[in-house]
Amino acid sequence: MHAKSPVVFLKRAFQNSPWIVMAIALHAIVISIAAISFMREASPPKDLPVNQIAIARPRADVPEELVPPPEPIDRRAIPKNEEAELVPFEEDVYIPTTETVADLHLDRGDPTALDELPTGGTTGGTAIGVGSGGHPGSGKPSPFGDRKLGKPGQGRADGPTQGTDKAVLDGMRWLLRHQSPDGSWSAASLAERCMSERPCFDAKFQYSDHYDEGLTAMALLCFLGAGFSHESKQDIVDTTMAKRHKIGAVVKNGLQWLVKKQNADGSFSKDRAFMYNEALCALALAEAYGLSQNRYWKEPAQRSIDFLQRAQKPNPSGKGLWGWRYTSRAEIEDFRRSTSQDDAYLKELYDADTSVTSWVVMALKSAQVAGLNVSKEALDGAMEFCKWVTPEGPDARGLVGYLDAKGAGAPLTGPNDAGFIYHPTSMSALGMCIRIFTQHDPSDPFLEHAAQRIVRDLPALHTNKSKPSPVDYYYWYYGSLALNQLDGPDSPTKSGRYWGTWNKAMVDSLLELQEHEKRACGQGGWLVGDRWSYTGGPIYSTALNVLTLEVYYRYENAFGTPQRTPAPPALPTKAAEKHKSLIVAR
């Protein structure tokens with residue numbers, strides 16, 4: 001078959017079907033005209049620039065992990081004017097992350113200037129709002145809501161000052177600089193966090209990791225004591241390392257490390273329960289829950305408090321409870337099952353000391369204020385032990401024994417005693433705190449007697465190397481806590497005889513002992529040890545001294561606020577004149 005040419009094909013089609021061919025041709029002409037017209041209208045003018053659209057790449061950053069409560073938050077309970085509110089701390093120190101800072105080694109302006117601080121609320125911003133009453137979004141006000149660096153009343157002789165708050169800030173900078181990547185604080189691994197040329201630790205001491213749980217809890221209490229929770233949004237700049245840290249992340253990582261370390265029975269020590277560790281960890285978790293009211297911390301906090309109460313020794317009289325010492329009651333009872341030495345068992349069973357008992361009482365009290373379950377019998381038992389170690393007689397008034405009343409006023413022996421003065425009034429301060437936080441009785445005559453002894457043994461420094469050092473941070477912490485409660489500015493029994501004198505001596509000594517060398521690894525820390533620093537090193541001394549300088553706002557007064565006589569209501573002018581004339585007539 002031969003192929004036909006297009007011309008022949010069209011000629012024959014026109015001859016056979018002329019109307020069809022004409023229709024097709026007409027439609028083709030119309031379509032061509034319409035296409036030409038459309039193209040002319042759609043073409044852009046030659047003198048206009050062509051816009052270019054840049055497509056943004058998707059963000060690669062991963063949202064920060066948050067600690068969610070196990071149940072959803074009712075946002076309807078949050079006041080509209082306080083939802084997502086953040087209370088900034090100090091503009092010169094806590095810098096928003098969106099701001100560009102040329103040199104993070106430098107403080108902006110005067111870091112001790114506190115004039116622009118808010119007068120209410122807390123320093124710790126939360127995801128559910130904050131306010132002067134605590135955390136309204138939780139549906140339950142936080143009793144820890146008034147904790148705040150730069151509290152109103154700055155510069156008072158009997159309250160926090162710019163200098164003490166600056167010391168607290170620098171102490172927290174030292175602590176976050178030496179926090180381990182896993183969130184803990186450890187004296188044994190401190191060398192890994194220090195600058196090699198100027199380390200903060202004493203190389204002659206071999207520190208153990210046995211106290212890591214307690215040291216981590218003490219460091220966390222410094223941030224919690226200043227009002228910062230795991231939800232706090234502020235940044236803190238370590239000017240020594242020119243590094244910015246999120247305070248909420250510092251607190252959250254430390255608390256999560258503690259929770260991971262918690263054993264099934266509620267304790268924290270890795271080998272066997274050590275009651276100093278257990279009391280400090282329970283105190284930190286109780287305050288973390290009390291400050292944030294976040295239920296993520298409630299269960300581990302309650303378990304730790306339950307462990308403390310199960311560890312309490314029984315009263316030798318056979319009725320009620322007693323104090324605490326290094327080991328738990330459960331461990332001692334297990335010991336009896338494996339041995340028939342009843343005398344050794346009974347000695348351990350009733351063995352308690354004033355120091356451990358004081359720390360446990362503080363943990364139980366914080367738990368009680370936070371809304372956790374604390375038995376009255378546990379606090380009553382602590383008070384019974386405190387009475388038992390307190391001697392009677394006019395010559396022993398205000399003294400307290402460490403293990404029993406016979407030892408009241410006697411020196412304690414232990415490691416690293418050489419070169420340090422023993423302060424028997426440290427037991428007096430511990431006894432005051434046990435009584436204050438279990439009885440809440442300002443009329444207890446022991447408090448006055450003990451305070452009189454304490455102010456005769458004030459914090460002091462001397463440079464004479466031939467004399468033993470008077471430095472005793474442990475004594476200074478409990479002395480500050482006890483006298484602030486009894487005679488501080490918020491006490492209803494304030495007399496001016498004790499707290500003012502002690503406070504000045506304490507502040508002068510602690511600020512002098514703090515490391516102030518700029519851009520040194522030790523800046524902000526307390527590297528000079530006391531007789532108890534051999535276990536925790538500068539982590540112990542720095543954390544404890546920060547807590548001492550937070551005493552002004554860390555605890556509410558256990559006796560309540562001072563009672564003030566209300567002013568009489570104003571009378572209308574005529575009534576006032578009549579009232580005045582009646583008084584004159586009388």
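Helices (H or I, at least four residues) and strands (E, at least two) are DSSP runs, numbered from the N terminus. The model is predicted, so local features need pLDDT of at least 70 and side-chain atom pairs count only at pLDDT 80 or more, while totals for chains, interfaces and linings use all residues. Residues are numbered from 1 along each chain as its sequence is written, and side-chain values use heavy atoms, with hydrogens and water left out.

**Exercise 1.** Determine how far apart Lys 504 and Asp 508 are along their helix, and how exposed each residue is.

Solution. Step 1: A salt bridge is a side-chain nitrogen of Lys or Arg within 4 Å of a carboxyl oxygen of Asp or Glu. Lys 504 and Asp 508 form such a bridge, with the closest N and O atoms 2.9 Å apart.
Step 1: Both residues belong to helix α15 (residues 499-513), and because they are 4 residues apart, about one helical turn separates them.
Step 2: Buried means under 20% relative accessible area, exposed over 50%, and partly exposed in between (1.4 Å probe, protein chains only). Lys 504 has a relative accessibility of 55% and therefore counts as exposed. Asp 508, at 43%, is partly exposed.

**Exercise 2.** Describe the salt bridge between Asp 170 and Lys 166 and its surroundings.

Solution. Step 1: The closest N and O atoms of Asp 170 and Lys 166 are 2.6 Å apart.
Step 1: The two residues lie 4 residues apart in helix α3 (residues 162-177), which means a separation of about one helical turn.
Step 2: Asp 170 and Lys 166 are both buried.
Step 3: A network of salt bridges links Lys 166, Asp 170 and Arg 173.

**Exercise 3.** Which parts of the chain does the salt bridge of Glu 287 and Arg 554 tie together?

Solution. Step 1: In this pair, the closest N and O atoms are 3.3 Å apart.
Step 1: Because Glu 287 lies in helix α6 (residues 275-292) and Arg 554 in helix α17 (residues 551-554), the pair ties together parts that are 267 residues apart in sequence.
Step 2: Glu 287, at 0% relative accessibility, counts as buried. Arg 554 is buried as well, with a relative accessible area of 4%.
Step 3: The search of the whole structure finds 18 salt bridges.

**Exercise 4.** Describe the hairpin of β1 and β2.

Solution. Step 1: Two strands pair if DSSP finds at least two bridges between them. Strand β1 (residues 235-238) and strand β2 (residues 243-246) pair over 4 bridges, in the antiparallel sense.
Step 1: Asp 238 has Lys 243 in β2 as its bridge partner.
Step 2: There are 4 residues between the strands, and Ala 242 in this hairpin takes a positive phi near 55°.

**Exercise 5.** Compare the span of helix α12 with the expected span, and state how covered the helix is.

Solution. Step 1: The expected span of a helix is 1.5 Å times one less than its number of residues.
Step 1: Helix α12 (residues 425-439) has 15 residues, and the distance from its first C-alpha to its last is 21 Å, close to the 21 Å expected at 1.5 Å a residue.
Step 2: The helix is mostly covered, as 14 of its 15 residues are buried.
Step 3: Just after α12, His 440 takes a positive phi of about 55°.
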